[in-house]
Each structure stands twice: as structure tokens, then as C-alpha cells.
Amino acid sequence: MGGTFVIIITAVVVFIFILLLSLFRRYKRCPSDRILVVYGKVGKGPSGGRSAKCIHGGAAFIWPIIQDYEFLDLTPSSIEVNLTNALSRQNIRVDVPSRFTVGISTEEGIMNNAAERLLGLTQQNIHDLAKDIIFGQLRLVVATMDIEEINSNRDKFLANVASNVEAELKKIGLKLINVNVTDIKDESGYIEALGKEAAAKAINDAKKSVAEKDRDGSIGAANAMQDQRVQVADANALAVEGENLAQIKVAQSEALRREKEAEAEKLAIASEKVQAAKALEEAYAAEQEAEFARAERERATQKADIVVPAQIDKEKVEIAAEAEAEMIRRKAKGEADAILFKAQAEAQGIYEILTKQAQGLDQIVQAAGNDAQSAVLLLIADKLPELVKLQTEAIKNIKIDKVTVWDSGNGGEDGKTSTANFISGLYKSVPPLQEMFNMAGMELPNYLQVQKAKEEAVEESTEEITDLDIESEEGLSN
């Protein structure tokens, strides 16, 4: 009987040991790289019954029969997503090769989503599910952004992708760890054209900066050369200052000459450098404009088949119109400058002529004792020889080869014949000086009146001679 009791006691002890061992084996510890999911009878949540209880970094007792458990692996998964032919907001198809790193989230609510939707799936199944979600959200983000925005503002693009993708991954219990977009391309080459445009702009900016630095260095060298020449000239002037007065004058003249030469050389060098800098600047500007035009043309040709050609034609018309307008403006400005210069030259010539005439008349009036009447007489006296010459030439050039006079010989009331009256009238047809002065409102000077008496005496003698000649001719005819 004693042996039976021992057996019973031993059996109870073994049973208790086995029971305790089984209970100890139901106590599960959760590793740091996994999530312990307890399902079955796990209590009630805020909205009713709970489907599972997730534990990360702890331990839990798994009641037999009413509960069971599984582990979810937290190892991150790298998903390569090669999105192609995705339409942007501009309806341009782009390729967005990227790589996403995802893993099961350890947040309280999201762990339950993972337990409900990912428990029992293999790592490959989770990988494929996440890839499908990422594809859809990435295509959606590309459709809401422009090409320029995707290419230039990469941070905003990644932020939009991360925000959309992570929101969807949380629904199945996943967490987005990292997003890496390797390269973005479009089938039309628009992004590549934008890159070339940016590169050309950077190169042109660098060339412009180098040209400006070269210009500053040349100007500094010219200023240093000017200071050197001025200091040398001053030193030479001081060295010869102690010599005699003649040497001092020579030194001063030499210093002045060198200073002027230095200034002239400085101006020449500065002008050359400025012109060279301007030429380089214009060349760079032209090159920049050419690159910009080329980039615009490349960008335009890659756009839609209808809108882009119209835009190109519009830009060409605008450029041609601007060029033609600029040419017309320059031509009009040149013509206006020529007309203004001609008018100024003509006005200056007239002004000089009138000024000289006024000065001459003022000197004549001063020579006549500030008497305007005397000044006019002086002017007429200066022209008197020409007036007398005109009087004499009035009948000088009359060519009379032969004059036949039929005269009865009887005299008129004044006792003169017709022939004498003809000769006398021919001579008197020349206006006398006294009448010319009277018409001018002046009186003939005394010395010219004596000359007038002489002329009248000559005239009378001429008439007498003419009468004698006529009488002799009549006598011979009888």
C-alpha cells in the first residue's frame, strides 16, 4: 500500500511538473525585430470585440485552447518601382524610376491593421501588395504636378509621394521608411531640355563673372601704371627743381607733358578695356540669348502637336516685329539727328554771316563819327566806281555801224536839229548821279557836283560838235 501511495505522489508531481512546464512554454517573449500577435479570446476593445492583441518589446501569456499567437517580421523590405508612361498635369508622359523601403509599423493602431491584413502572408506577398499600392499613389502624385515642378522642386515631389503612399500603407499596417527617386525622364525630352537650359545659364554666368574679374584686374593695373607715371614725373620734377630758372621751366614743361601723356594713355587703356569688356558682355549676352532661344525651341518642339507650333510662330512674329520696330526706331533717330545737325549748321552759318555784317556796319558807323547818313555816304562812295562804270557801259556796248539821217536842216524851237536831239537824248538816257542820289533820299556831295558841272559842259560841247558835224554834212550834200 505504501508503494501505491508513492506511485500516486510521483504521478501527481510529474503531472504538476508537466503542467507547469506547459504553462511556462505558453509564456511568450516578443523579440525587438518582431511583433507578437495574440488572437482568439483577447478581450474587448472600445468598439466591441478585439480581433487580435499586438505586443512589441514585451511578453504575454498565451492561454491554451482560447488563444494562439504568431509573429510579424519587422525586417524592412526594399521595393523597386519603375513607373513608366505616367501622365503629368500637362499630359506629358514621364518615367519615374524609384525605390521604396517599407516595413510593418510599430504604432499602436497600425499594428492592429497589420495583424488583421498581413498576418499569415509571406514576405513576398507583403512586397507585392505594397508595390501595387505604391504604383497607384505614385501615378496619382505625378498627375497632380507639372514637369517643371517635379524636376526643380524634388523635395516637394518626394513629400507629396511620401504623404500619399504612407497614408495608404498605414491602412494595411505598413510604414514608409524611405523614398529614393533615381531619375525622372519624359518621352518628349522636355526634362532633358530644362537641364541643358540650366547648364547653359550656369556656364554663361561663370563666363560673365570671369570677364568681370578680368576687367577689374585690367582697370587696377591701369590705375597702378598711372600712379607710377605720376610719381615718377613728380620725382623727376623734384630732382631738377634745384637747378636754375630755365631748367625749372623745362622741368615743369616736361612734367606737364608726361602728365598729359599719362592721362591720355590711361584713358586709352581704360577705353580699350571697357570696349573689350563690352564686346565680351555682348558676346556672352548673344550666346546666352542663342542658348535660351535654342532651349525654347527644343522645349517648344517637344510639346503638343498643335499648340506648340502655334506658340513658336507667335514668338517668331513677335521677335521679327521687335527687330523691325527697333530698326525703324534707329533709322528714324538717325534721320532726325541728321536733320537737326543740318539745321544747326545752317543756323550757325547764317548767324556768323549776320554777326560779321553787323560788326562791319558797326565799324563803318564808328568811322563816320556815329553818323548814319555819313556811313551811308561812305558805302555809296565805295560803290561809286561801279555805278559810274554801269552808266558808261549803258551805251558803250551799243553797236551802230551806220546811221543815215534825213534832216531838212531846220532847227526846232531850241535851235537844234533832229540829229543833234537824237545824240543828246541818247546820252541823257543814262540816269545822272544827282537823280540817283535824290531817289535814295540823299544830296550829292559838293565835290561830285563840280564833276556834274564838268559833265554838263562836256555834254554841251558834245551837242555843239554834233550840230557842226550835221551842218557840215548838210553843206556837203547841197
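Student: Which residue in strand 7 is the bridge partner of Tyr39?
Tutor: Asp68 is the partner of Tyr39 there. This is a predicted model, where local features need pLDDT of at least 70 and side-chain atom pairs 80 or more, while totals for chains, interfaces and linings use all residues. Numbering starts from 1 along each chain as its sequence is written, and side-chain values use heavy atoms, leaving out hydrogens and water.

Student: What makes strand 2 and strand 7 a pair?
Tutor: Pairing takes at least two DSSP bridges between two strands. Strand 2 (residues 34–40) and strand 7 are joined by 7 bridges and run antiparallel, so they count as paired. Strands here are DSSP runs of E, at least two residues, numbered from the N terminus, and helices are runs of H or I, at least four.

Student: Why do strand 5 and strand 7 count as edges?
Tutor: The open sheet has the order 5-2-7. Strand 5 (52–55) and strand 7 (67–73) each have a single partner strand, so one side of each lacks a neighbour in the sheet.

Student: Why is the Tyr69 and Phe71 pair called edge-to-face?
Tutor: Ring centres of Phe, Tyr or Trp (its six-membered ring) must lie within 6.5 Å; planes under 30 degrees apart are stacked, over 60 edge-to-face, the rest tilted. Tyr69 and Phe71 sit 5.9 Å apart, centre to centre, with 80° between the planes, so both tests pass.
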